[in-house]
Structure formats: C-alpha cells, structure tokens
Amino acid sequence: MRPRLLLWPPPLLLLLLACTAHTVGALPGLCDVMRVLQEEQDQCLQELSEENPGDLGTEQPAPGCKGLWDNMSCWPSSALGQIVEVGCPQFLRMFTGRNGSMFRNCTQDGWSEIFPRPDLACGVNVNDSSNEKRHQYLMKLKVMYTVGYSSSLVMLLVALSVLCAFRRLHCTRNYIHMHLFVSFILRALSNFIKDAVLFSSEDVTQCDAHRVGCKLVMAFFQYCIMANYAWLLVEGLYLHTLLVISFFSERKCLQGFVALGWGSPAIFVASWAISRHFLEDVGCWDINANASIWWVIRGPVILSILINFILFINILRILMRKLRTQETRGNEVNHYKRLAKSTLLLIPLFGVHYIIFAFSPEDAIEVQWFFELALGSFQGLVVAVLYCFLNGEVQLEVQKKWRQWHLRESLLRPMALSNSFSNGSSGLAHSTKASIPEQSRATCRNSVI
C-alpha cells in the first residue's frame with residue numbers, strides 16, 4: 001500500500017509544470033514525492049517495530065499513546081500528558097525548503113490533533129490565494145518558454161539550412177555559428193523531451209517504470225545545456241582570437257573548438273552521472289538536492305560565462321582603442337563600431353544573468369524562472385537572426401540566388417511558349433516527317449541546358 005498524499009492542494013502539484021530541473025532547489029515531481037513518502041513510511045514502521053517488539057497491534061502495557069504513522073509524519077510512542085514534537089515531513093521540505101515543527105499531546109483519549117496545522121507549520125498555506133497566483137504565473141511561464149523554444153527551433157533550422165546550402169558561406173566563422181545553432185536546437189529539443197518525460201502523466205503507478213530511460217533523458221538534457229554554454233564560449237574565444245592574433249591556423253583552431261564545444265560537456269556530464277549514481281541515486285535525477293554534486297555541472301557553466309564576460313570586456317577595450325587611433329580609416333571605423341555594438345548585445349545574450357542568479361536567495365526564484373525559462377528560450381531565435389538573417393554576406397548570397405532563379409525562370413518562359421507554338425503549328429500542318437519535331441525537341445533541350 002502506498003501512503004495517501006494528505007493536505008496537498010492541486011494548484012501546488014501543477015507548479016511542477018514549470019520546474020527548472022537544472023536549477024538547485026527545483027520543485028520535485030509527483031513520483032519523487034510518493035517515493036519519499038514511501039521511504040519515510042517504511043523507516044517509521046521499522047522504528048516502531050523496534051520500539052515495540054512483537055506484534056504492533058498489541059496494546060501498550062502502560063497508559064500512554066502508541067506510536068503511529070499518520071500517512072505524513074512518524075509519531076513515536078509517548079507517555080500520558082507528554083507533548084511530542086516532530087519536524088516537517090521531508091516531502092514538504094522538498095517543496096518549501098522550510099524546517100518547521102509540529103506538535104501533538106498524548107491525552108487519555110489518545111493523540112490530539114496536530115498543532116499548528118502541517119501546511120502552516122511547514123510554509124504551505126492551502127488557503128493562501130498566493131498559491132493560485134503562483135500557479136497562474138508559472139502556467140504563463142510555461143506557455144512563454146514553449147513558444148520561445150518552438151520559435152527558436154524553427155528559426156534555427158532555417159538558419160542552419162541557409163548556411164549549409166551556400167558553399168560560399170562555408171568558412172571557419174560560419175562553421176562555428178552552425179555548431180552554435182545545433183547546440184541551441186538540441187537545447188530546445190531536450191527541454192521538450194524532458195517535459196514530456198517528467199510531466200506527461202501523474203499516474204503514480206507508473207513511477208517505477210522506465211526509471212533508467214528517465215535518467216538518461218536528464219543526462220542528455222544536462223549535456224545539451226552545457227554544450228550550449230560551451231559553444232557560446234567558443235564564439236567569444238574566436239572573436240577574441242581574431243582581434244588579438246594576426247595569423248593563426250583556422251583549421252586547427254576549429255578542431256580545438258569542436259573538441260571544446262562537444263567534448264568537454266561530455267566529460268562533466270559523465271562525471272555528474274557517475275556521482276549521482278553512487279552518491280545521490282534519487283528519483284529521476286531531476287532534483288539537485290546535493291549542492292556539491294550539482295557543482296559538477298554548475299561550476300563549469302559559471303566558469304565559461306565568466307571567461308566569456310572577461311573576453312567581451314577585453315574585446316570592447318581593443319575596439320575602443322582601435323577607434324581612437326588616427327590610422328583607422330572611415331570604413332574600418334564603421335566596422336569597429338558595428339562590432340562593438342554587437343559585442344555589447346552579446347554580453348547579456350551569452351548568459352551573464354546565470355551568474356547573478358547562481359548566488360541569488362530563494363526569494364528571487366520567480367525572477368530567476370522568468371529569465372531562465374521565458375527570456376532564455378528566445379536566445380536561439382536572437383542568435384539565428386543576428387548570425388544569419390542580419391548577416392550581410394548571407395543576405396548577399398540569398399539575393400544572388402534569387403536573381404539567378406528569377407532570371408532562369410524569365411528565360412525559360414518564352415522558350416516554353418515558342419516551343420508550344422511550334423508544336424501546335426506542326427500539328428495543324430499535319431507534317432508527315434517525324435524527324436522535324438524530334439529535332440525541335442532536341443534543340444529545345446540543348447537550349448535549356
């Protein structure tokens with residue numbers, strides 16, 4: 001028998017929809033709550049059996065209150081007139097992070113009612129309208145990040161197709177952009193897969209099914225997050241290298257960037273997965289309660305953002321110095337100004353806000369969710385627009401291709417009309433020579449080629 005989930009309002013269960021699994025203190029899933037309750041029940045019954053040897057159903061020899069499990073907390077046996085204190089249930093602490101206390105009196109009629117109420121003592125007020133407001137807020141966030149990741153996914157796929165289609169756009173800079181697009185695509189897909197796996201059903205009978213697959217999905221999700229930040233770092237490194245180093249091997253540089261962008265996240269995610277398996281093999285690995293293990297993921301991400309921020313500041317310093325020099329020509333000044341503006345735009349785009357919220361208090365969790373979920377989901381869209389659709393080279397190649405296609409269509413149209421007219425004339429003349437239409441079609445084919 002699984003324990004019943006008491007005093008748990010439906011609006012709070014729906015908060016799970018906006019859970020950010022890559023953030024410390026993320027809200028747990030329903031299956032994790034049921035698992036924790038089951039573990040606490042088993043531990044409580046074991047302690048009570050050791051406290052009262054023999055059959056638990058026998059009466060206490062001395063007056064008092066018999067220990068019990070009330071489907072939420074474990075109350076040890078107590079003497080008559082004693083006040084017993086227990087801490088908040090672990091599943092409530094998972095949601096609120098608050099360590100409160102609950103009390104019961106042992107009376108002649110048995111255990112008294114719990115005071116204060118468990119929801120109030122543990123920071124979950126079922127009558128508080130703020131729960132409903134928070135639920136509505138998180139539902140809006142879910143809609144926003146779903147729209148954001150969907151639009152980013154579409155635009156990134158189009159941008160990736162454009163860069164792959166034109167050979168003249170194949171260079172080291174655009175290769176790095178293409179890898180960055182792929183990392184954003186994987187990040188969007190991993191979010192959709194994670195939501196589908198974690199929040200598709202609230203059927204607790206399926207909680208133990210597909211546990212390995214669920215952990216693999218979370219490992220893939222963490223890898224996509226880290227790979228995305230790694231390629232953002234690669235973008236900063238390449239831009240800095242262009243300005244600082246005059247001559248370098250772009251081929252070897254690209255190989256090193258590929259190893260950094262796709263290889264380094266695999267190492268950290270593998271280390272995180274091994275640590276979770278041996279030290280914190282809890283649930284679907286979507287709750288990061290152990291901060292030391294979570295820093296295996298969080299630490300490299302923060303480090304990459306810090307390095308990127310330092311690189312961007314140095315890039316701006318170099319650009320400002322070049323703009324102040326008298327040797328800089330008019331075209332170069334405009335080029336450096338555009339580069340400086342784009343760099344300033346990329347600083348917040350490349351995740352500097354992550355560092356701010358990494359050390360923020362729990363009171364700012366809703367603001368963090370807004371930046372991480374709502375605004376962060378549109379990062380891929382902005383990157384696709386900046387690096388592809390607003391790119392002058394890309395626009396020039398697309399315009400050339402459009403003009404070539406339009407010119408080809410305009411040339412083929414009169415040829416097709418003249419061909420149909422000649423075929424109609426030969427049909428009206430009832431020509432008996434078969435070689436004439438064959439020669440006409442051959443000439444038309446040759447002219448088309």
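Reader: How far apart are the N and O atoms where the side chains of Lys215 and Asp281 meet in a salt bridge?

Author: In this predicted model, the side chains of Lys215 and Asp281 form a salt bridge. Lys215 sits in helix α7, while Asp281 is in the loop between α8 and α9, so the pair ties together parts 66 residues apart in sequence. The N to O distance is 2.5 Å.

Reader: Is Lys215 buried or exposed?

Author: Buried means under 20% relative accessible area. Lys215 has a relative accessibility of 15%, so Lys215 counts as buried.

Reader: Which helix holds Glu393, the residue that meets Arg173 in a salt bridge?

Author: The side chains of Arg173 and Glu393 meet at 2.7 Å, N to O. This pair links distant parts of the chain, 220 residues apart. Arg173 belongs to helix α6, and Glu393 to helix α14.

Reader: What is the distance between the closest N and O atoms of Glu280 and Arg276?

Author: Glu280 and Arg276 are both buried. They form a salt bridge, one of four found in a search of the whole structure. Their closest N and O atoms are 3.5 Å apart.

Reader: Which helix gives the most to the nonpolar patch?

Author: The patch covers about 280 Å² of surface and is made by Leu189, Ile193, Val197 and Phe220. Phe220 lies in helix α7. Three residues of the patch come from the helix that gives the most, helix α6.

Notes. Residues are numbered from 1 along each chain as its sequence is written. This is a predicted model: local features need pLDDT of at least 70, side-chain atom pairs count only at pLDDT 80 or more; totals for chains, interfaces and linings use all residues. Side-chain values use heavy atoms; hydrogens and water are left out. Patches are made of residues with over 30% relative accessible area and no salt bridge: like charges are joined within 9 Å, nonpolar side chains (Val, Leu, Ile, Met, Phe, Trp, Tyr) within 5 Å. Accessible areas come from the Shrake-Rupley method with a 1.4 Å probe; for residues, only the protein chains shown count as cover. Helices (H or I, at least four residues) and strands (E, at least two) are DSSP runs, numbered from the N terminus. Buried means under 20% relative accessible area, exposed over 50%, partly exposed in between (1.4 Å probe, protein chains only).
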